[in-house]
Amino acid sequence: MRRKYKKVEPVKCIVILSSTETDDWDKAKRKEDRQLRYINSYAKKHSLIPMKIVRRGCFGAIETNKILNRVINKLDSGKADAVLVANAMSISRGVADAYAKVGKVIEAGHRFITVDEGELRFRLYNPESGEVVDDGY
């Protein structure tokens, strides 16, 4: 018997690279290049198409937030459908900040995909309607 495989639609993504370096720009670039190879191998296996690559470099948390806002604006303009990162903590200062950034992307109607955790989604209970609100994916 022959198996039928479901055709998976490719997802256009914007890749955000981020290292923990704060002083040495060359070291940050080398770490981000390694991270890019890691992300590209995951993207190839899961039919994700990197449309744009954004590097954080040695910038701090405030600049990272600005970068994420610019990425969301590009997603809104239709250049891509999802954000792709190595892991949620790589672009965050802590767990609460990671949830806020993932929520910001999902609230804008897009997807947040990480190599380590997979697609991050929220299923929240709405007390007004009594239903569980899913993010739609």
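Visitor: Against which elements do the buried residues of H2 pack?

Guide: This is a predicted model, in which local features need pLDDT of at least 70, side-chain atom pairs count only at pLDDT 80 or more, and totals for chains, interfaces and linings use all residues. Residues are numbered from 1 along each chain as its sequence is written, and side-chain values use heavy atoms, with hydrogens and water left out. Helices (H or I, at least four residues) and strands (E, at least two) are DSSP runs numbered from the N terminus, buried means under 20% relative accessible area and exposed over 50% (1.4 Å probe, protein chains only), and contact means heavy atoms within 4.5 Å. On these terms, the buried residues of H2 pack against E1, strand E2 (48-55), E3 and H3.

Visitor: Within what arc do the buried residues of H2 fall, seen down the helix axis?

Guide: The buried residues of H2 are Thr-64, Ile-67, Leu-68, Val-71, Ile-72 and Leu-75, while the face turned away from them carries the exposed Ile-62 and Asn-73. The arc is taken from the directions from the helix axis to the C-beta atoms. The buried residues line one face of the helix, because they fall within an arc of 140 degrees.
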